[in-house]
Amino acid sequence: MKNHSYRLIAFILLVALGVGTMEAQRKRRRATPRRATVHRGGNHHQQRMAQFEREGGIDSTTIVMLGNSLTENGKDWGARLGTGRRVVNRGIIGDNTVGMTDRLYQITPFRPKAIFLMAGINDMVGNTSAEQVAQHVIKLIEAIRTQAPQTQLFVQSILPIDETEGRWRTLAGRTDDIPFANMYIKAYCETHHITFIDIFHHMTRGRSNQLRTELSGDGLHLTEQGYRVWAFELKKYVNQL
């Protein structure tokens, strides 16, 4: 715990000094959205991107839900959030921060009203540290802010998992790493005046970092009850738009 605390303090100091931040990037140049190299996400990833291309429909009034399987499986977010604004689901199963960055060209040039970002869990594989996962998410945040500075960005915490299910081996041993990654991301958002939404602590069991059993059927993906908890928290922010 102590080592994590020292690393968090060091990270916050680096953020405060502006090392590698969005502001530094803007001073050098304003990034131009472009089609990046295709993310190796398999057929489903490509099918979803082709679907998004056909659908279009993003403009300055649109709310974009950008994320991975957790977002995609939420399906009709407009209905979940009960807003009169158009809400589009831009989640892709298996996507990580690289894949989301690669497909910003389908989103940011259209200057959506808001983007609700859910990213990080698929970056938390292998030996990737909590700090590295946070840096991946921050890099994506900076790309969004640079490409669409007028868009309101809401960064959602990485959600908890339940390892007792034993199904997701790539996430083995990561239960307690997720809140640390969230702390780093939250510190960055607070320093740069970006809204951070803590969904994590509304889904954990007691004082643990474990996902509540009734909110998931497999230890990672959410049940309908899990989506109700998530949507309830988001409505507080959507209603302010």
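Predicted model: local features only at pLDDT ≥ 70, side-chain atom pairs only at ≥ 80, totals over all residues.
Visitor: Let's start with one residue. Where is I141 found, and is I141 buried or exposed?

Guide: I141 sits in helix 7, which covers residues 130–147. Its relative accessible area is 0%, and buried means under 20%, so I141 counts as buried.

Visitor: Which residues does I141 touch, once those up to four places away in sequence are set aside?

Guide: You'll find L117, L153, V155, I185, Y188, C189 and I194 on that list. Take L117 as an example: 24 residues separate I141 and L117 in sequence, while their C-alpha atoms are 8.5 Å apart in space.

Visitor: How should I think about nonpolar side chains in general?

Guide: In soluble globular proteins, they tend to be buried together. Here, the largest nonpolar core has 37 residues, and the members touching the most other members are L66, L117, I141, I144, L153, V155 and I185.

Visitor: Which elements give two or more residues to this core?

Guide: Strand 1 (63–67), strand 3 (114–117), helix 7, strand 4 (152–156) and helix 8 do. Helix 7 gives the largest share, with 9 residues. Apart from this core lies another one of 24 residues, including I197, L215, A231 and L241.

Visitor: Helix 8 came up there. How many residues does helix 8 have, and how far does it reach?

Guide: Helix 8 runs over residues 177–191, so to speak a stretch of 15 residues, and reaches 22 Å from its first C-alpha to its last. At 1.5 Å a residue you'd expect 21 Å, and the value is close to that.

Visitor: How many of the residues of helix 8 are buried?

Guide: The count is 11 of the 15, so helix 8 is largely enclosed by the rest of the structure. Among the buried ones are D177, P179, F180, N182, I185, Y188 and C189. Just after this helix, H193 takes a positive phi of about 55 degrees.

Visitor: What does the side chain of H221 make a polar contact with?

Guide: Its partner is the side chain of S69, at 3.0 Å. Beyond its neighbours within four places in sequence, H221 is in contact with S69, L70, N73, W168, L215 and S216.

Terms used: Residues numbered from 1 in each chain as written. Heavy atoms only, no water. Helix = DSSP H or I, 4+ residues; strand = E, 2+ residues; numbered from the N terminus. Buried < 20%, exposed > 50% of the residue type's maximum accessible area, 1.4 Å probe, protein only. Contact = heavy atoms within 4.5 Å. Expected span 1.5 Å × (residues − 1). Core = buried A, V, L, I, M, F, W, Y, C linked by side-chain atoms within 4.5 Å. Polar contact = N/O pair within 3.5 Å; in protein donor to acceptor, adjacent residues only side chain to side chain.
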